[in-house]
Amino acid sequence: MYISGGYITRRLWFNTARNFGGKEKTLKVRINAIDTIEKITKSMKLVASSKMKFDMRLMDNGKKYGIDSIDTMFKSDLYMQRKMPSEPDRPKELLVPITTDKGLCGAINSGLLRFMRDYMGHDHERFSILCIGDKGANAMRKQYEKIFHEAVTNLNYPVNFGLSLALSDKIIRASKDHDSICIFYNKFINAITFKPTMIRLMTKRFHESMEFQRLYEMEKPDASTTVPALYEYYIATSLYHAQIQNAASEQCSRMVTMDNASKNAAELSKKLTLEYNKARQQSITIELCEIISGAESM
């Protein structure tokens, strides 16, 4: 406030820090970073979309491969069904969750592990875990340290039956002292939906039941060679079915997640651009007011 020509004139001064352009530079850096993230997520969405089409074609061609052949043998032989030994009240089970090696694919891993935890309950002593995939191994290695048996990570892409055979051999050796094997995977439903699912497989009961099979004749090779081969085929086909389903679900989840991330980045960039324009206009207004005030005071 000052006196000029006998009149008291009140002037409003802006109480701002003398840091011209500081806020604008910070916002500009953030906007550029978010725009870069948007470009990356869009690229990842396109890559995931391409892989999804390949995995869906692989799944359609292989999802029926051998999946019901051994089960049909058990269901059709009524004598073997009657002689099949019953399962113990507290069976010892080997849990095989199929997770991903890479991230940025939404809740596909956390949802599957939550489903497996609900299945386990609080009785952890009768379980062992053989995890497939790096993300699941990192999540469970510390939490279930006492029952965590082994992790298989950095698997080759795409999934093939040879890889499933190699994994099935590892699973068979790990399940020698177990009563059953439980494979957890994400079942593909459509491009935006997948469902955590479990396949339960026999171990000791398979070999004990095959001693009573009468419907099918085995001449060459003998039963001592055929039964282990059928058991390995039984585990491998079930695992292959779960792997191709999970691979298609992974790429679909990654595509949807990257699409949502791109939309969020674009929306955030738009808000920051508006804030940047407001801050720039505010600094211009402050400078003009100071220039006018300085000119009038002379």
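The model is predicted: local features are described only where pLDDT is at least 70 and side-chain atom pairs only at pLDDT 80 or more, while totals for chains, interfaces and linings use all residues. Residues are numbered from 1 along each chain as its sequence is written, and side-chain values use heavy atoms, with hydrogens and water left out.

Let's begin inside. In soluble globular proteins, nonpolar side chains tend to be buried together. A nonpolar core here is a set of buried Ala, Val, Leu, Ile, Met, Phe, Trp, Tyr and Cys residues joined through side-chain atoms within 4.5 Å. Buried means under 20% relative accessible area, exposed means over 50%, and partly exposed lies in between (1.4 Å probe, protein chains only). The largest nonpolar core has 30 residues, and those touching the most other members are Ile-171, Ile-181, Ile-183, Phe-206, Met-210, Tyr-234 and Ile-235. Among the elements that give two or more residues to this core are helix H6 (161-174), strand E6 (180-190), helix H7 (204-210) and H8. Helices (H or I, at least four residues) and strands (E, at least two) are DSSP runs, numbered from the N terminus. The largest share of the core, seven residues, comes from H8.

Leaving out residues up to four places away in sequence, Phe-206 touches Ile-70, Phe-74, Val-227, Leu-230, Tyr-231 and Tyr-234, where contact means heavy atoms within 4.5 Å. There is also a second, separate core of 15 residues, which includes Leu-95, Met-140, Ile-147 and Phe-184.

Next comes Thr-203, in the loop between E7 and H7. Is Thr-203 buried or exposed? Thr-203 is buried, with a relative accessible area of 4%. A polar atom of its side chain lies 2.6 Å from the backbone oxygen of His-178, and the backbone oxygen of Asp-179 lies 3.0 Å from a polar atom of the Thr-203 side chain.

Now for some backbone details. Most residues other than glycine have a negative phi, and most peptide bonds are trans. Leu-104 is not a glycine, yet has a positive phi of about 60°; Leu-104 sits in the loop between E3 and helix H4 (108-120) and is exposed, at 52% relative accessibility. Asn-154, likewise not a glycine, has a positive phi of about 55°. Asn-154 is found in the loop between E5 and H6. Pro-158 also lies in the loop between strand E5 (148-152) and H6, and a cis peptide bond, with omega about 0°, joins Tyr-157 and Pro-158.

Charged side chains are the next stop. A salt bridge is a side-chain nitrogen of Lys or Arg within 4 Å of a carboxyl oxygen of Asp or Glu, and a search of the whole structure finds twelve. One of them joins Lys-170 and Glu-150 (3.2 Å, N to O). Lys-170 lies in helix H6 and Glu-150 in strand E5, so this pair ties together parts that are 20 residues apart in sequence. Another salt bridge links Glu-250 and Arg-254 (3.1 Å, N to O). Both of these residues, Glu-250 and Arg-254, lie in helix H8, four residues apart, about one turn of the helix. Glu-250 is buried at 14% relative accessibility, and Arg-254 is buried at 7%. Salt bridges that share partners also join Arg-90, Glu-93, Asp-123, Arg-126 and Arg-200 into one network.

Definitions and conventions:
Polar contact = N/O pair within 3.5 Å; in protein donor to acceptor, adjacent residues only side chain to side chain.
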